[in-house]
Amino acid sequence: MGMIKDDTVRNATAYFWGERTSTIDWCEENYAVSNYIAEFWNTLTNAAMILLAALGIYSSIRYRHGKRVTAMYVGMLVVGCGSACFHATLKYTTQLLDELPMLYLCAIALYSFIEIDKKVQFGVWLPTSLAAFQLTITLTYLFWVQNPIFHQIAFAATAIGAAVVGCNRLYTTNMSSGTRRALFRLHLLGHLGMWGGFLAWNIDNVFCHNLRSYRGYVGTPLDALLQLHGWWHILTAYGSAFLLLWAHLLRLARLGHDNLYSAQYFMGVFPYVGMKQPKKID
């Protein structure tokens with residue numbers, strides 16, 4: 001997703017990863033901070049998604065909340081790692097590691113919402129159908145329609161499908177008013193993160209030349225604050241984390257365990273699902 005920028009000077013083979021082969025490039029000046037990382041800040045900011053995903057994996061495994069929940073967090077982890085590899089190298093192969101896992105994460109979320117109950121309803125045909133659909137999209141993107149817009153449309157369609165099924169599960173699940181309020185808050189925070197990141201992403205694309213001028217004016221280290229694609233990474237990392245927590249707690253509510261768990265914060269800033277502390281009785 002994005003536009004190729006005029007960074008031909010910094011895409012020379014003299015740099016560590018050599019000439020750029022990706023079909024897209026971003027507004028951050030290539031190899032401006034390090035000769036070993038093509039887009040330093042765009043790479044570094046993926047740490048937010050990696051840390052939040054790792055925390056989710058730890059939580060789901062620790063409390064034994066099921067493979068479906070863990071798989072969603074693993075998908076998020078793969079997205080973060082793939083994006084970091086892409087921005088560090090600007091190679092076409094790592095670009096695919098950034099883009100394709102986004103589709104697979106949405107497919108995993110869609111499956112998890114459809115099969116939200118403890119008993120599997122649709123057997124093997126549902127994961128087989130979803131896998132075949134994603135494989136078709138992948139092969140089409142690799143060999144026929146190598147256009148980022150095709151990836152964006154496929155991603156949006158899968159994400160919308162997961163969102164529609166998820167909302168249906170929300171309104172058909174019996175839960176306490178406290179759980180419903182908590183889920184509403186997580187859903188709202190998730191959308192604020194995703195749409196806020198999307199706004200930063202668009203500003204970065206449309207006003208790139210202005211942003212580069214401003215970064216040159218303020219200088220180091222304040223220029224890092226104007227790396228809006230990096231803010232897209234941070235905001236969507238939190239948006240994704242809150243939406244996965246929403247899906248996580250929704251499944252617990254569906255199973256009747258929402259009274260035992262809640263959204264909590266590690267170090268006050270990293271959200272995860274943890275066990276509620278029992279109330280003290282004097």
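Residues are numbered from 1 along each chain as its sequence is written, and side-chain values use heavy atoms, without hydrogens and water. In this predicted model, local features need pLDDT of at least 70 and side-chain atom pairs count only at pLDDT 80 or more, while totals for chains, interfaces and linings use all residues.

**Exercise 1. The chain as a whole**

Task: Describe the secondary structure of the protein chain and state how compact the chain is.

Solution: 
- Start with the elements. The chain has nine helices and two strands. Helices (H or I, at least four residues) and strands (E, at least two) are DSSP runs, numbered from the N terminus.
- The pattern along the sequence is α-α-α-α-α-α-α-α-α-β-β.
- Now check the radius of gyration. It is 20 Å for the protein chain, close to the 19 Å that the globule rule gives for 282 residues, so the chain is as compact as a globular protein of that length. The radius is taken over C-alpha atoms, and the rule is 2.2 Å times the number of residues to the power 0.38.
- Buried residues make up 46% of the 282 residues. Buried means under 20% relative accessible area, exposed over 50%, partly exposed in between (1.4 Å probe, protein chains only).

**Exercise 2. Helices α3 and α9**

Task: Find how the axes of α3 and α9 cross, and which residues make the contact.

Solution: 
- Locate the helices. Helix α3 covers residues 67–89 and helix α9 covers residues 228–254.
- Read the geometry. Their axes come within 10 Å and cross at roughly 170°. Axes are lines fitted to C-alpha atoms, for helices over the stretch in contact, and angles run from 0 to 180 degrees between N-to-C directions.
- Classify the angle. Helix α3 is therefore roughly antiparallel to α9. The classes are under 35 degrees for roughly parallel, over 145 for roughly antiparallel, 65 to 115 for roughly perpendicular, and oblique for the rest.
- List the partners. Helix α3 contributes residues including Val-69, Met-72, Tyr-73 and Met-76, and α9 residues including His-233, Ala-237 and Leu-244. Contact means heavy atoms within 4.5 Å.
- Zoom in on Leu-244 of helix α9. Leu-244 is buried, at 8% relative accessibility.

**Exercise 3. A loop residue**

Task: Is Asn-46 buried or exposed, and what does Asn-46 contact?

Solution: 
- Asn-46 sits in the loop between α1 (40–44) and α2 (47–62).
- Check the accessibility. Asn-46 is at 3%, so it counts as buried.
- Name the contacts. Neighbours within four places in sequence aside, Asn-46 is in contact with Gly-80, Ser-83, Ala-84, His-87 and His-233.

**Exercise 4. Backbone exceptions**

Task: Where do Tyr-31, Met-267 and Pro-221 lie, and what marks their backbone?

Solution: 
- Recall the background. Most residues other than glycine have a negative phi, and most peptide bonds are trans.
- Take Tyr-31. Its phi is positive, about 55°. Tyr-31 lies in the segment before α1 and is buried at 5% relative accessibility.
- Take Met-267. Its phi is also positive, about 60°. Met-267 lies in the loop between β1 (261–266) and β2 (270–275) and is exposed, with a relative accessible area of 65%.
- Finish with Pro-221. A cis peptide bond joins Thr-220 and Pro-221, with omega about 5°. Pro-221 lies in the loop between α8 (208–218) and α9.
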